[in-house]
Amino acid sequence: VGPLMTALARSIEWRLGDCNAQELANTAWAFAKAGQFDAQLFAALARVAEKHVADFNSQELANTAWAFATAGLPDAPLFQA
């Protein structure tokens, strides 16, 4: 992960609690699509997404699952939620 993406990931982590389901899914998707597999960000995304999983629609769930799979960062608690 490059320094710019690392800085962006840390900045995003501070704001994840303000994100809705679409924003969480889009963030995960964007980092995975860019090949930026920041484990700390994905872990934070997972913890926040767990709390909002009931708010995710099917597309958001699919995008989130794809992002975690693409990043090679499975998160059992998230996918059991």
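When I say buried, I mean a relative accessible area under 20%; exposed is over 50%, and partly exposed is in between, using a 1.4 Å probe and protein chains only. Take Asp 38 as the opening case: its relative accessible area is 7%, so it is buried.

Okay, some ground rules. This is a predicted model, where local features need pLDDT of at least 70 and side-chain atom pairs count only at pLDDT 80 or more, while totals for chains, interfaces and linings use all residues. Residues are numbered from 1 along each chain as its sequence is written, and side-chain values use heavy atoms, with hydrogens and water left out.

Let's stay with Asp 38. What does its side chain meet in a salt bridge? The partner is Arg 10, at 2.6 Å, N to O. By salt bridge I mean a side-chain nitrogen of Lys or Arg within 4 Å of a carboxyl oxygen of Asp or Glu. This pair links distant parts of the chain: Arg 10 sits in helix α1, Asp 38 is in the loop between α2 and α3 (39–52), and 28 residues separate them. On helices: those are DSSP runs of H or I with at least four residues, strands are runs of E with at least two, and the numbering goes from the N terminus.

As background, side chains of opposite charge can pair when their charged atoms come close.

Arg 10 has another partner too, and that is Glu 13, in a salt bridge at 2.5 Å, N to O. Both of these residues lie in helix α1 (residues 3–15), three residues apart, which is about one turn of the helix. Are they buried or exposed, or something in between? Glu 13 has 21% relative accessibility, so it counts as partly exposed. Arg 10, at 23%, counts as partly exposed as well.

How many salt bridges does the rule give? The count comes to three. Glu 50 is partly exposed, since its relative accessible area is 26%, and Arg 47 is partly exposed because its value is 36%. Through shared partners, salt bridges join Arg 10, Glu 13 and Asp 38 into one network.

Axes here are lines fitted to C-alpha atoms, for helices over the stretch in contact, and angles run from 0 to 180 degrees between N-to-C directions.

Who makes the contact, meaning heavy atoms within 4.5 Å? On the α1 side we have Ala 9, Arg 10, Ile 12 and Glu 13, and they meet Gln 40, Leu 41 and Ala 44 in α3. Notice Arg 10 and Glu 13 turning up again. Nonpolar covers Ala, Val, Leu, Ile, Met, Phe, Trp, Tyr, Cys and Pro; charged covers Asp, Glu, Lys and Arg; the others, Gly among them, are polar.

Next pair: α2 and helix α4 (residues 58–71), which pack at an angle of about 30° with axes 8 Å apart. That makes them roughly parallel, therefore, to each other. From α2 the contact residues include Ala 21, Ala 25 and Trp 29, and from α4 they include Glu 60, Thr 64 and Phe 68. By class, there are eight nonpolar, four polar and two charged residues in this contact.

Let's zoom in on Ala 25, which is found in helix α2. Its relative accessibility is 1%, so it counts as buried. Not counting residues up to four places away in sequence, Ala 25 touches Phe 56, Glu 60 and Thr 64. Ala 25 and Ala 62 are 37 residues apart in sequence, with 8.7 Å between them in space, C-alpha to C-alpha.

Last one: Thr 27, also in helix α2 (residues 21–33). Thr 27 is buried because its relative accessible area is 15%. Which residues is Thr 27 in contact with, leaving aside its neighbours within four places in sequence? Those are Ile 12 and Leu 45.

Key
Contact means heavy atoms within 4.5 Å. Angles under 35 degrees count as roughly parallel, over 145 as roughly antiparallel, 65 to 115 as roughly perpendicular and the rest as oblique.
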